[in-house]
Amino acid sequence: MEKLNPNYGGMQYNRCGNSGVLLPALSLGLWHNFGDTTPFEVSQAIARTAFEAGITHFDLANNYGPEPGAAERFMGKMIQADFKPHRDELFISTKAAYDMWDGPYGSWASRKHLMASLDQSLRRMNLDYVDLFYCHRYDPETPLEETLQALVDIVRAGKALYIGLSRWPLEAARQGYDYLKQQHVPCLIYQGRLNLFDRAPITERTLPDAMAHGAGFIAFSPLAQGLLTDRYLNGIPEDSRMARDGRFLHADALTEQRLQQIRRLNDIATERGESLASMALNWILHQKGVTSVLIGASSPEQLRKNLACLSSPPFTGKQLAAISKTLE
Ligand SMILES: NC(=O)c1ccc[n+]([C@@H]2O[C@H](COP(=O)([O-])OP(=O)(O)OC[C@H]3O[C@@H](n4cnc5c(N)ncnc54)[C@H](OP(=O)(O)O)[C@@H]3O)[C@@H](O)[C@H]2O)c1
């Protein structure tokens with residue numbers, strides 16, 4: 001296998017909040033296509049393509065698979081096969097708090113779960129530390145201070161360099177930013193779902209609030225799991241996420257109204273001289289406070305195509321108005 005040769009000049013890097021860290025405008029998520037049901041060589045080709053394009057940030061979680069843990073095991077193999085000489089060029093994140101193992105400690109955000117889960121993640125990836133460790137969801141049953149102090153202690157123990165919060169409601173996230181700052185382990189980044197069909201981080205203010213607290217923001221599912229591409233314009237292809245793995249993207253998401261919106265957005269993208277995927281990614285990159293857009297890909301070709309968003313033309317007022325009208 002050829003040596004990796006990342007093209008750092010071809011990627012844009014954005015400062016993450018008030019921190020010293022730069023993250024690539026596009027990051028790669030390993031939620032789908034890196035588990036036991038995907039051949040190692042296919043996942044490896046996607047990861048190699050990403051890194052060669054200057055994508056230094058790879059996002060995982062304890063439960064990414066299938067089966068849970070498989071994506072982290074893939075990363076362990078990938079490090080062995082390709083990434084080991086590049087460890088200091090990579091920014092690897094993982095998360096805990098969703099269901100991972102049986103019994104009372106296998107989920108949510110107690111100190112017990114977070115500490116044990118991260119130790120398991122490090123073993124699966126064969127790493128001494130991760131660059132970023134997230135609490136994957138807010139746990140209303142665990143005292144906030146217990147969760148936050150566990151995150152602080154994880155950094156102090158050298159098992160993660162930075163802390164992130166994912167999907168936390170606004171008020172809890174605010175308390176999190178304040179607590180972490182007081183402990184001198186400021187929250188690096190907030191991870192939330194943001195795409196043309198789901199603008200909750202803007203309307204519910206978790207995006208501007210992260211920025212106001214000096215944290216970066218990374219947008220997950222930026223293509224609404226593939227809906228914001230040309231994938232479903234003419235039916236449901238057999239090799240698509242919706243057909244292969246209906247766990248998180250169901251066919252009932254494709255209502256006639258949704259399809260009409262996708263067609264109209266596709267027309268606007270065509271008028272702009274780009275693909276719908278590229279326009280959808282570029283729209284997120286233009287939102288104030290967004291550090292990085294966390295994409296998924298089932299092939300190296302998809303990933304290469306999506307890189308086009310980095311050189312998309314700026315939006316005109318007329319185009320933005322047409323997009324808003326489509327989404328009404
Ligand atoms: N914090 C959280 O709770 C949370 C939740 C969800 C995700 N995430 C993170 O966000 C990452 C990305 O999420 P996501 O995979 O839902 O992102 P996404 O970018 O919205 O969807 C990716 C999928 O869209 C399709 N696609 C991508 N580019 C395409 C193109 N050019 N043409 C046609 N289809 C294309 C592919 O599906 P096909 O299989 O159909 O080809 C691909 O797997 C995850 O890996 C994870 O790291 C975090």
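**A conversation about strands and a ligand**

Visitor: Which residue in E8 stands opposite Gly164?
Guide: In this predicted model, the residue in E8 that stands opposite Gly164 is Ile189.

Visitor: How many bridges join E7 to E8 there?
Guide: Strand E7, residues 160-166, is joined to E8 by 4 bridges, and the two run parallel.

Visitor: And what kind of unit do E7, H5 and E8 make?
Guide: Together with helix H5, which spans residues 170-182, the strands E7 and E8 make a right-handed β-α-β unit.

Visitor: Let us move to E5. How many of its residues are buried?
Guide: Strand E5 runs over residues 91-96 and is mostly covered, with 6 of its 6 residues buried.

Visitor: Which residues are on each side of E5?
Guide: On one side are Phe91, Ser93 and Lys95, and on the other are Ile92, Thr94 and Ala96. Both faces are covered, as these residues are all buried. In a regular strand, side chains alternate between the two faces of the sheet.

Visitor: How does E4 pair with E5, parallel or antiparallel?
Guide: Strand E4, residues 57-59, pairs with E5 in the parallel sense, over 3 bridges. Phe58 has Ile92 in E5 as its bridge partner. From E4 the chain crosses to E5 through helix H2, residues 70-83, in a right-handed β-α-β crossover.

Visitor: Which residue in E6 does Ala96 stand opposite?
Guide: E5 and strand E6, residues 130-135, run parallel and are joined by 4 bridges. Ala96 stands opposite Cys135 in E6. The chain passes from E5 to E6 through helix H3, residues 111-125, and this β-α-β crossover is right-handed as well.

Visitor: Where does Arg137 lie?
Guide: Arg137 lies in the loop between E6 and helix H4, which spans 144-156.

Visitor: Is that Arg137 buried or exposed?
Guide: Arg137 has a relative accessible area of 14%. That is under the 20% cut-off, so Arg137 counts as buried.

Visitor: With which side chain does Arg137 make a polar contact?
Guide: The partner is the side chain of Asp99, at 3.4 Å.

Visitor: Changing topic to the ligand, how many residues surround it, and which are the closest?
Guide: The ligand is surrounded by 31 residues, and the closest are Asp59, Ser221, Arg241, Arg244 and Ser298.

Visitor: How do the residues of that shell divide into nonpolar, polar and charged?
Guide: The shell holds 12 nonpolar, 14 polar and 5 charged residues.

Visitor: Which helices and strands each supply at least two residues of the shell?
Guide: Those elements are helix H8 (241-244), strand E10 (292-295) and helix H11 (300-306).

Visitor: Which atom of Ser166 lies 2.8 Å from the ligand, and what ligand atom does it face?
Guide: A polar side-chain atom of Ser166 lies 2.8 Å from a ligand nitrogen atom. For Trp31, a backbone N or O atom is 3.0 Å from an oxygen atom of the ligand. Gln302 has a side-chain N or O atom 2.8 Å from a ligand oxygen atom.

Visitor: How much of the accessible area of the ligand does the protein cover?
Guide: On its own the ligand has 920 Å² of accessible area, and the protein covers 97% of it.

Notes. Residues numbered from 1 in each chain as written. Predicted model: local features only at pLDDT ≥ 70, side-chain atom pairs only at ≥ 80, totals over all residues. Heavy atoms only, no water. Near = heavy atom within 4 Å. Polar contact = N/O pair within 3.5 Å; in protein donor to acceptor, adjacent residues only side chain to side chain. Areas by Shrake-Rupley, 256 points an atom, 1.4 Å probe, with all protein chains shown as cover. Nonpolar A, V, L, I, M, F, W, Y, C, P; charged D, E, K, R; others polar. Buried < 20%, exposed > 50% of the residue type's maximum accessible area, 1.4 Å probe, protein only. Pairing = 2+ DSSP bridges. Right-handed = clockwise from strand over helix to strand, strands pointing away.
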